[in-house]
Amino acid sequence: MNYRELSKLITLIETDPLMGRENLKNVSKKNSMVVGITGSPGAGKSTLVDKLIEHFRSNGKTVGVIAVDPSSPFSGGAFLGDRIRMKRHFTDDGVFIRSMASRGSLGGVNDSVFDVVEAYKAYGFDVILIETVGAGQTEVEIAYVAQTVVLVLSPGSGDEVQMLKAGIMEIADVFVVNKSDQLGADALVLSIRAMLEISERKEWMPPIIQTVATMGKGIKELAKAIEDHHNYLIKSGEMEKRRIRSEKKHAEHIMMNKIREIIDNSRGNNLEEIMEDVKKGLCE
Ligand SMILES: Nc1nc2c(ncn2[C@@H]2O[C@H](COP(=O)(O)OP(=O)(O)OP(=O)(O)O)[C@@H](O)[C@H]2O)c(=O)[nH]1
Ligand SMILES: [Mg+2]
């Protein structure tokens, strides 16, 4: 498969998921490292992704990026921003970047992300980075797609409370305090640490990495934290558990979409008739 074919396959996945999945069946796939980079709008996710690409490339690894464009009103310009920030990698053969809308019908992560990750694995990328905005409840879904979730926070944004509420803090495997050149970074580290101390984590204690993404500071440390977590997942057997959890979520997405489609197209005009259509439709 070359990049053009990969591009086509992704478009197929987005327009006709059934066919897309059919194309991915029985194709050998790489055991890629799948990393979710999430965090509030403007925290510096794209800048970090850009620097991580550079880091992994310099170690000879190929990198596939999925930038999930937020449909949130605060970050309307993000799409263009992402493009510009990562553009310098567009001419690199070992890097593939694809943006996709976050218009997932179930909210949060677009359903197609699951299949696009499979397409990336089939292509054989060593590392897959998925950037999503993690501002709301539904974004915790990234934890089902990625093996390692990196939560990016920045000082002064006051997002921590919001994220705590949404349960995003709990899904983070690695914390990043980006914009550490700005006032309040140390305080933010302390408050994350305090939060972690009272949480019920056992085997893996998420590290807190301070970065200045714009200057490339802390990137090596971040990459190491991601790799450490990856190794932990393998050694502890947690990787296999996460794989199964992800497959279940994927199946849930597929079935929910199918049910929704059947209901939308149902000609039934009462609950029983509609339910009958659902039952029939699911058996087809
Ligand atoms: N001072 C400072 N600015 C930074 C740092 N990292 C990123 N920025 C700036 O913060 C702004 C947002 O950066 P992005 O990388 O686009 O952030 P993002 O999280 O991807 O944003 P969205 O995709 O819109 O949610 C840009 O103007 C960056 O130059 C940092 O470490 N320090
Ligand atoms: Mg971005």
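**Second largest pocket and helix packing**

Trainee: Which helix gives the largest share of the lining of the second largest pocket?
Mentor: H11, with four residues. A pocket here is an open set of 1 Å grid points where a 1.4 Å probe fits, with protein on both sides within 12 Å along at least five of seven lines, and lining residues have an atom within 4 Å of a point. Helices are DSSP H or I runs of at least four residues, numbered from the N terminus.

Trainee: Where do these numbers come from?
Mentor: This is a predicted model, in which local features need pLDDT of at least 70 and side-chain atom pairs count only at pLDDT 80 or more, while totals for chains, interfaces and linings use all residues. Residues are numbered from 1 along each chain as written, chains are lettered from A and ligands numbered from 1 in written order, and side-chain values use heavy atoms, without hydrogens and water.

Trainee: Back to the pocket. How many residues line it, and which lie nearest its centre?
Mentor: The second largest pocket has 19 lining residues, and Asp173, Arg201, Glu238, Arg242 and Arg245 lie nearest its centre. Two or more residues each come from helix H6 (142-145), helix H8 (168-171), H10 and H11.

Trainee: At what angle do H10 and H11 pack?
Mentor: About 95°, with the axes 5 Å apart. Because 65 to 115 degrees counts as roughly perpendicular, H10 is roughly perpendicular to H11. Axes are fitted to C-alpha atoms over the stretch in contact, and angles run from 0 to 180 degrees between N-to-C directions.

Trainee: Which residues meet there?
Mentor: His229, His230, Leu233, Ile234 and Ser236 of H10 meet Glu238, Met239 and Arg242 of H11, contact being heavy atoms within 4.5 Å. The set holds three nonpolar, three polar and two charged residues.

Trainee: How do H11 and H12 pack?
Mentor: Helix H11 (residues 238-265) and helix H12 (residues 271-283) pack at about 130°, their axes 9 Å apart. They are therefore oblique to each other. Met255, Lys258, Ile259, Ile262 and Ile263 of H11 touch Ile274, Asp277, Val278, Gly281 and Leu282 of H12. By class, seven are nonpolar, one is polar and two are charged.

Trainee: And H3 with H10, at what angle do they cross?
Mentor: Roughly 80°, the axes of H3 (residues 45-58) and H10 (residues 219-236) coming within 10 Å. H3 is therefore roughly perpendicular to H10. Leu48, Lys51, Leu52, His55 and Phe56 of H3 are on one side, with Ile219, Lys220, Leu222, Ala223, Ile226 and Glu227 of H10 on the other.

Note on methods
Parallel < 35°, antiparallel > 145°, perpendicular 65-115°, else oblique. Nonpolar A, V, L, I, M, F, W, Y, C, P; charged D, E, K, R; others polar.
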